[in-house]
Amino acid sequence: MPDLTTKMGKLTLRNPVILASGTVGYGTEYGKLIDLSLVGAIVTKTITPDPREGNRPPRLRETPGGLLNSIGLENVGLERFLKEKLPGTAQLPTKLIASVAGSDAGEFARLASAVGERDEVSAVELNISCPNVKRARRPLWADPDAVGKVVSAARAATQSTLIVKLSPNVADALSVAEAAKEAGADALVVANTLTGMRIDLDSKAPALGNIFGGLSGKALLPVNLALTWQIAGAVQLPIIGSGGIATADDALEYILAGASAFQVGTALFKDPGVAALIVHGIEERMIREEWNEMAAYVGAARKEREPCLTTEAD
Ligand SMILES: Cc1cc2nc3c(=O)[nH]c(=O)nc-3n(C[C@H](O)[C@H](O)[C@H](O)COP(=O)(O)O)c2cc1C
């Protein structure tokens, strides 16, 4: 069998398949549906200092090629997560990445310390990119200086592997990625959802209670794949690709672009077993093409190409 082991900083995963934040709850719900020993890791729903009820409904809307969500970080808050959720989640047969979001650097540091110093948690994912939370005109995810401050504060607060989840809703993703690296990030998730909306013709009102939502699923794949290619060519950090992955071939596109691992989210809603199919599909292709190690696949499509830092299409 090919070796699918994936290393990112101090984090070693049995394979590069990670179940994305917000699509598997706190893991225990999902552990009843599939054998989690088949995946490399799961990411918890993003945890905030205090419990959040999330945005007003409707909060989900299908759109051709994707899904719009405006959940708004509904979660039980830090205290209840540590007391009520973590003990069960820690029993699951896979690695656990805790996703956190604060409203300033101090809150990010407090959250990173509280979850990152727990033995049950293998890495901390800083969600700097949720599009469903109201913020100032220039949101955190688009401001390299603010991202640098948040990541530095979290870095000082925990020894754990720090993963920073970027947003595709930016004009200059490279500056944000570089700021995260300089401040001590160990890996980057590229990327979260893209802001979108629909309007209901009967009610003549926005389809989502929050007006805007985050677009995930198939339609997002080419966008986040292009970002992965750009960032992998310019920033020396392991990348976790995310956006629209539903098959082994989708996932391998991200790996060939330079990602070391990838996350699967929306596709789990259609078929909770898709993660196992993806692992199997990757193994099959690697055997067929006589690749022995996942690591050799990383960035293989970049060979003999100049790093392309522009997004101009013509
Ligand atoms: C219903 C839903 C809830 C989500 N909640 C979170 C969240 O709490 N934190 C986060 O970082 N990302 C969240 N995401 C984004 C996913 O983790 C993922 O980055 C995104 O959906 C793109 O991947 P996909 O196309 O495979 O779903 C959520 C996505 C969906 C569809």
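Tutor: Happy to! First, a word on the names: helices (H or I, at least four residues) and strands (E, at least two) are DSSP runs, numbered from the N terminus. Keep in mind, too, that this is a predicted model.

Let's start with Ile211, which is found in the loop between strand E13 (205-206) and strand E14 (213-216). Its phi is near 70°, a positive value in a residue other than glycine. That is worth a look because most residues other than glycine have a negative phi. Ile211 has 12 other C-beta atoms within 10 Å, so it counts as exposed.

Leu73 also has a positive phi, of about 55°, although it is not a glycine. This residue lies in the loop between strand E6 (66-69) and helix H2 (77-90). Leu73 counts as buried because it has 20 C-beta neighbours inside 10 Å.

Now for the peptide bonds, where most are trans. The bond from Pro57 to Pro58 is cis, with omega near -10°, and Pro58 belongs to the loop between strand E4 (41-43) and strand E5 (60-63). The bond from Val190 to Ala191 is cis as well, with omega near 5°. Ala191 has its place in the loop between strand E10 (187-190) and strand E11 (194-196).

Strand E10 (187-190) brings us to Leu188, which is, with Ile18, one of the residues with the most contacts inside the largest nonpolar core. Among the residues that Leu188 touches are Val164, Leu166, Ile231 and Leu237.

Notes: Residues numbered from 1 in each chain as written. Predicted model: local features only at pLDDT ≥ 70, side-chain atom pairs only at ≥ 80, totals over all residues. Core = buried A, V, L, I, M, F, W, Y, C linked by C-beta atoms within 7 Å. Contact = placed C-beta atoms within 7 Å. Lists of a residue's contacts leave out its neighbours within four places in sequence.
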